[in-house]
Amino acid sequence: MPGKLKVKIVAGRHLPVMDRASDLTDAFVEVKFGNTTFKTDVYLKSLNPQWNSEWFKFEVDDEDLQDEPLQITVLDHDTYSANDAIGKVYIDIDPLLYSEAATVISGWFPIYDTIHGIRGEINVVVKVDLFNDLNRFRQSSCGVKFFCTTSIPKCYRAVIIHGFVEELVVNEDPEYQWIDRIRTPRASNEARQRLISLMSGELQRKIGLKVLEMRGNAVVGYLQCFDLEGESGLVVRAIGTACTLDKLSSPAALLPACNSPSREMKEIPFNEDPNPNTHSSGPSTPLKNQTYSFSPSKSYSRQSSSSDTDLSLTPKTGMGSGSAGKEGGPFKALLRQQTQSALEQREFPFFTLTAFPPGFLVHVGGVVSARSVKLLDRIHNPDEPETRDAWWAEIRQEIKSHAKALGCHAVVGYSESTSICEEVCILSASGTAAVLNPRFLQDGTVEGCLEPRLEENLPAGCGFCHIPYDELNMPFPAHLTYCNNCRKQKVPDVLFTTIDLPVDATVIGKGCLIQARLCRLKKKAQAEANATAISNLLPFMEYEVHTQLMNKLKLKAMNALFGLRIQITVGENMLMGLASATGVYLAALPTPGGIQIAGKTPNDGSYEQHISHMQKKINDTIAKNKELYEINPPEISEEIIGSPIPEPRQRSRLLRSQSESSDEVTELDLSHGKKDAFVLEIDDTDAMEDVHSLLTDVPPPSGFYSCNTEIMPGINNWTSEIQMFTSVRVIRLSSLNLTNQALNKNFNDLCENLLKSLYFKLRSMIPCCLCHVNFTVSLPEDELIQVTVTAVAITFDKNQALQTTKTHAEKLLQRASTDNEELLQFPLELCSDSLPSHPFPPAKEHLESASSNSGIPAAQRATSVDYSSFADRCSSWIELIKLKAQTIRRGSIKTTVTVEKASPMGEGNFRNRSAPPCANSTVGVVKMTPLSFIPGAKITKYLGIINMFFIRETTSLREEGGVSGFLHAFIAEVFAMVRAHVAALGGNAVVSYIMKQCVFMENPNKNQAQCLINVSGDAVVFVRESELEVVSAQQPAANCQPSCPGGEVTT
Amino acid sequence: MTSELDIFVGNTTLIDEDVYRLWLDGYSVSDAVVLRVCSGILEQTGATAAVLQSDTMDHYRTFHMLERLLHAPPKMLHQLIFQIPPSRQALLIESYYAFDEAFVREVLGKKLFKGTKKDLDDISTKTGITLKSCRRHLDNFKRVFKVVEEMRGSLVDNIQQHFLLSDRLARDYAAIVFFANNRFETGKKKLHYLSFGDFAFCAELMIQNWTLRAIDSQVDDMDMDLDKEFLQDLKELKVLVADKDLLDLHKSLVCTALRGKLGVFSEMEANFKNLSRGLVNVAAKLTHNKDVRDLFVDLVEKFVEPCRSDHWPLNEY
């Protein structure tokens, strides 16, 4: 019996009136988990019922704990007829299952109904008591942490980055089951919500199992998607990067960050035995840490081997989907071998990360992508989702071979997506081919970490630009020059990548958002013919998108693209392509050449004049952009290299292919061959359009910048104001005389107007930058185009921004210093946490064996040592915190427990509870951002992943303000529900927030509409940097102690 | 190409105060766009009219959704759907309940639930306030009235507690509710020169001194109704006019009290008998509901007008 789930229903408020006669409601609550249901008493005649129920206890397997959501249904009691449902709350209890995450879920949750939206709120307290699981044959993977963030989360350190994990689960879509014909739409939607909740729980558990098998303890860059395949079923798939993470014993360790859930504390009473490590000489000797630091690999060797055997007993558990077993095996072997060629042996050396620890990324080759058009068929056996697995395996294989062709052994910034229309489905995958530093990928190279050999080899800021492939045997015709920075290595003239700009990259000027937009008409067709038509169109689309990107990049006088995301959407009668990326000028790459325009009929005088006019306009635009983005590279390069940079050639960094269902792979060479690259030939109206569209892109108004990467290159003095938003637009095309040009223009206008609107709306935030601008295009119906944008506007300090070069230098300096500090604390960390040679085993096994301490992150240990030596100080501090917490705390039950413990962890917990700045006494502010950080604040704790799926429908569309009113309200409700869940976990922000799906369907004639939204993110606790300083000042003595080396890091 | 759907939702709800003002003033989206264009916003920001249109629509939609919450301001504080900083919330509520004095003057003392609605059109044309805005005004009055009508305790406190208004605005609402409850006649031509502020001042004094709670603070009854006993007592004041001795005594007491404080003291002294009689007669009649309603008319007729005819400066009332 591995777990006991306890739920208490406290109260409700703002309930809707269910009884017209009395204008009141007789509400009661059903609490359901798995197959067990409890009910509260009926609270008569009140819109603000106080149930104050007993604790409902569910005794369940941890497998169920991971899969099942907690379902809370609020109903109106009716003596004579059936009880009316008011609404539901689904609570994902997963965050309660990790160590270090949330310990209690407690707060007000909006009561949600698929027809009426939010109808009041309910106050719920949820706790989980996990027992030690002795069963080695378990199917659960409690304890594996999940992060949506595509970089190593802020308060962690990556010990090993294991690699790619993927899984998919399929099921029949309840909407298409026979029963749907007789049940109400509401019942059907609820069934769908429940099923998807269940499926994502199951998926997460399965991924967790794979991670445990690889001996990781976390998944970073976790991306879960739904494919609504209609008749043929529902696919939930996820990819991520398995890692072994360690909690940093940096400043956060002394602050709220080092938080351990009570169940761990129960098992290891820190006050009595602060360091139950068998190898330790004494708990409070500062020297101990130092000794460790120089003999990092010894201390745990015995433990390591024993746990190894433990693990090998663990049976392979990759049931269901095919590829589980394939990866587990090689990985284990690989870890033991500790070979340098680690990556080559992996089936898929892919990483979903987009930002990396320093030194991880050695070279970047370029973007690799693959697409394939498939015909959907019914999934006959949901337990054997082989076809879908095989499809993806095929695409991944292709990506891998492309990367190889670029001389790279790995793919970073990897992502997968689908676009479905009727029974045709385009599967896409893309990433950036790269050469990685093997030291992070395997164990046994600890010493390597300590010597900064990489930094010696590669001059800072240009290493990643250097070509990974053989100069003489290039995969495509490229034009190489010597690196402008180090003058030793060759670099390409243009670089396209899907990752974020590396921190150490030297950038000149600022970056900007660059988009390529494209539409292509397609004949309506059925099945096979349709698939063929689409796959015939795809190469042309890719080519044109690429050309557009290249031209726009040149026009901006920039030479590299980061965060490139090309989305191809399929509709009934057209295909849409939208590529977004952030252009920058990399100092290491050569200056881009201009754009030449050539006419086809040179004899015509007026035509000639027209051409030269255009040429002038283009040159002017380039000059203007240079000024706008402050691109003024030093002019020295040419003299030093000796020869002027020859007219560069356009060529592709993209290697791609399309494959049909028939599996034939066509390689497409996107280079223009011998043709001079930046010459645009105006030989027909099409080309004219292209040039025009180039020039019609309006730069954002002054004071605004935009990018689709995490941070804006060239701006680094963010102030704390952030505003995350979602904007949706749908346009109806006039069905008459649709041509490609008209379509392109419409689409272009749609996107441009949308951006203009955003700039206008956010004008009060100037100077500010729109970061992580994420466009999604869908074609819900024949003549409808839907564009959804999610982004965050962040203000920055203009005064400092002006001195970009200076700040940049400072940044480098700062980085260097943090590096030093990291190095400094590094050995100390090693001593206390599990070594890389001893990859993190499931924490629980270690907890039960009292002799082992490796399951507890370093941070906590550091604090406990600290505690014993400064007991007095700390206890007085606890008093202080207690007082503070008493007033602010939320989950009273939980906090009392921690008080009793009175351990440093308890304090941590307290600090956390009180950390959220409750500006508003009633509803705490929860920030949301698609970025992995919060400007001006430090994330002290990750509380768990938020992954929510909602369906909303209406049969009174006009009454709810039409489609706009309906969707506006729904999105606001989704935000509210995300915020409520985060607040209930004790958090005050969501980072790496993403709206993965927003499927909107309407039927105005019937006055109906329906919308599905899927969002995810990481719930976190952050502390403002200003507050942080205050807190650290409170206990300077502890900070200065050698036992907490990371205490003084003030980044 | 037509825009079917166009929305913008921020994690923190964006509120443009200028647009909010326009919305409160009852302008339609298209009128609001025209007004915004006139304000020169396009030139300042370089936006197009289409952008402005979409922005205005968006704000109007948000306000429309917020309106439900504005009807019960405490809900606004606890709701989870819109994340709005507290200072902004206060501003939203305050502006929503703020009113045009011209409008109040028209409906002051009228029964809020009957008849007035069809008069709204007239008021709208008379005051130049849009019909929509008039309706919001009236609905606000009605809502406040309905909530505090049966409530015990201080009227101002009740209003403040249930509508989270500023002290000043709550006092004004208390006056409106008080007037509406007692149905004081304020629409007569003679009273036209009096502003809402004047009446509000009277209402405050009357609430403080003439209501049940004013007599006995232990009786935790409402502020709305005039104390019947007190009115009965007023009847006895007739002796002040009937009995010569008492009249003189009264006169000397009042004169002592007012000496030096009144610029027109001598005139007052001279006319004391007339004035006193007027006041006492008005006071004595207050036991009848109809006379209560006509309180202000009578006061003006019997007290203010004689004063005015003697050329007292107006501010002495």
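I call a residue buried under 20% relative accessible area, exposed over 50%, and partly exposed in between (1.4 Å probe, protein chains only). This is a predicted model, so local features need pLDDT of at least 70, side-chain atom pairs count only at pLDDT 80 or more, and totals for chains, interfaces and linings use all residues. Residues are numbered from 1 along each chain as its sequence is written, chains are lettered from A in the order in which they are written, and side-chain values use heavy atoms, without hydrogens and water.

**Entry 1: a pair in chain B.** I looked up D16(B) and found it buried, with a relative accessible area of 12%. R36(B) is buried too, at 4%. A salt bridge means a side-chain nitrogen of Lys or Arg within 4 Å of a carboxyl oxygen of Asp or Glu. D16(B) and R36(B) form one, with the closest N and O atoms 3.4 Å apart. D16(B) sits in the loop between β1 and α1 and R36(B) in helix α2, so the pair ties together parts 20 residues apart in sequence. Helices (H or I, at least four residues) and strands (E, at least two) are DSSP runs, numbered from the N terminus. Both residues belong to a salt-bridge network that also links K761(A), R763(A), D55(B), D58(B) and R61(B).

**Entry 2: the chain contact.** I counted 51 residues from chain A and 37 from chain B in the contact, which is defined by heavy atoms within 4.5 Å. Five salt bridges cross the interface. E4(B) forms a salt bridge with R732(A), its closest N and O atoms 3.2 Å apart.

**Entry 3: pairs in chain A.** I found 35 salt bridges over all chains. One joins E752(A) to R517(A), at 3.0 Å between the closest N and O atoms. E752(A) lies in helix α16 and R517(A) in strand β19, so this pair ties together parts 235 residues apart in sequence. Both residues are buried. K745(A) and D749(A) form another, at 2.9 Å. These two both lie in helix α16, four residues apart, about one turn of the helix. D749(A) is partly exposed, at 26%.

**Entry 4: cysteines.** A disulfide needs a pair of cysteine sulfur atoms within 2.5 Å. I count zero disulfides over all chains. C465(A) is buried, at 1% relative accessibility.
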